[in-house]
Amino acid sequence: MAYRCFNVEIADHVAHVQLKRGAELNTMVPEFWRELPEIVRDIDTNAKARVIVISSTGKHFSGGMDLSVFTGGQSAGTAAAASKDERGRSRANLRLSVLEIQETFNVLERARMPVLIAIQGGCVGGAVDFASACDCRYATEDAFFVIQEINLGMTADVGTFPRLCHLMPEGMVKELSYAGRRMPAKKALQVGLVNEIFATQDEMLKHVMALAKDIAEKSPLAVHGSKVMINYARDHSTADGLDYIATWQAGMYNPEVDMRESFVAKQEKRAPKFADLLPLRKGLGA
């Protein structure tokens with residue numbers, strides 16, 4: 001399928017989703033918010049890959065929300081402000097609209113497979129929300145991060161605060177959020193926002209695709225379980241996390257298949273061969 005904002009390639013169990021509007025700073029036009037969740041859900045639901053890699057084109061990863069969304073009256077906030085409907089009801093709808101927009105990036109977190117993101121140049125506004133919802137972040141040395149919403153007179157609302165506060169020190173999140181300053185890649189590495197930085201985009205992509213290949217060679221079920229457990233532990237107490245992993249293992253632990261294959265492959269001095277995750281069934285009658 002052809003998309004306005006993305007190219008999608010799937011090979012060797014790795015899905016490469018690439019922003020393709022580099023000449024336009026890969027800004028987040030209305031199509032972006034529809035296409036990204038559609039792409040990720042398709043890969044996840046149909047088990048088309050074991051890893052998703054997000055990258056971009058052009059000088060900057062993304063300039064964030066396209067200004068035409070605001071100036072053209074296409075944003076939910078602009079529509080609510082201009083609405084002649086009763087204020088309480090229109091604002092209740094605005095809340096639901098914001099939740100719907102948040103789903104664009106929530107799908108990255110909920111996908112059964114890991115999502116790795118490779119960032120060059122500017123990662124601005126909504127792009128920070130985008131990056132924070134991925135499992136692992138990598139950047140070029142010239143990359144920088146900006147919580148741009150404060151510079152536009154608004155509070156970031158698509159996922160920046162709930163996720164960044166788990167990824168880096170709270171004081172740094174507040175400094176960036178209040179002042180709207182750029183955080184360069186070197187500082188992002190120091191505070192833990194990114195895993196590693198690279199001199200060039202080519203070097204970065206080579207590293208990320210190699211990592212994706214390594215992950216794709218592991219048991220997809222075990223990787224899926226690891227992602228679920230890490231995200232659950234982040235949002236719950238240690239006791240809750242221990243209880244949930246016990247419950248998960250009671251249902252998913254399968255030594256007769258994947259563990260047996262890993263042991264046999266080691267004995268036979270070959271790479272193990274694991275089955276993909278199953279596609280998800282749709283609807284009650286599927």
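Serine 62 sits in the loop between β3 and α2. The model is a predicted one, and in it this serine turns out to be buried, at 0% relative accessibility. A polar atom of the serine 62 side chain lies 2.8 Å from the backbone oxygen of asparagine 26. Leaving aside residues up to four places away in sequence, serine 62 touches Leu19, Leu25, Asn26, Thr27, Met28, Gly122, Cys123, Val124 and Ala127.

A search of the whole structure turns up eight aromatic pairs. One of them joins phenylalanine 32 and phenylalanine 130: the ring centres are 5.8 Å apart and the planes stand at 70°, so this pair is edge-to-face. Since phenylalanine 32 belongs to helix α1 and phenylalanine 130 to helix α5, the pair ties together parts that are 98 residues apart in sequence. Phenylalanine 32 is buried, with a relative accessible area of 1%, and phenylalanine 130 is buried as well, at 0%.

Phenylalanine 130 also pairs with phenylalanine 61, and this pair is tilted, with 5.8 Å centre to centre and 55° between the planes. Ring pairs go on to link Phe6, Phe32, Trp33, Phe61, Phe105 and Phe130 into a cluster.

What does phenylalanine 130 touch, not counting residues up to four places away in sequence? Its contacts are Leu19, Met28, Phe32, Leu36, Ile54, Phe61, Phe105, Leu108 and Ile117.

As for the wider packing, nonpolar side chains tend to be buried together in soluble globular proteins. Here the largest nonpolar core has 50 residues, and Phe32, Phe105, Phe130 and Phe145 are those with the most contacts inside it. At least two residues of this core come from each of β2 (14–19), α1 (30–45), β3 (51–55), α4 (87–110), β4 (115–119), α5 (126–132), α7 (170–179) and α8 (185–190). Helix α1 gives the most, with six residues. Another core, of 15 residues, lies apart from this one and includes Tyr138, Val208, Ala212 and Val223.

One more ring deserves a mention: arginine 182 lies over the face of phenylalanine 144, at 3.8 Å from the ring centre.

Key:
Residues numbered from 1 in each chain as written. Predicted model: local features only at pLDDT ≥ 70, side-chain atom pairs only at ≥ 80, totals over all residues. Heavy atoms only, no water. Core = buried A, V, L, I, M, F, W, Y, C linked by side-chain atoms within 4.5 Å. Buried < 20%, exposed > 50% of the residue type's maximum accessible area, 1.4 Å probe, protein only. Helix = DSSP H or I, 4+ residues; strand = E, 2+ residues; numbered from the N terminus. Contact = heavy atoms within 4.5 Å. Phe/Tyr/Trp six-rings, centres within 6.5 Å; stacked < 30°, edge-to-face > 60°. Lys NZ or Arg CZ within 6 Å of the ring centre and 35° of its normal. Polar contact = N/O pair within 3.5 Å; in protein donor to acceptor, adjacent residues only side chain to side chain.
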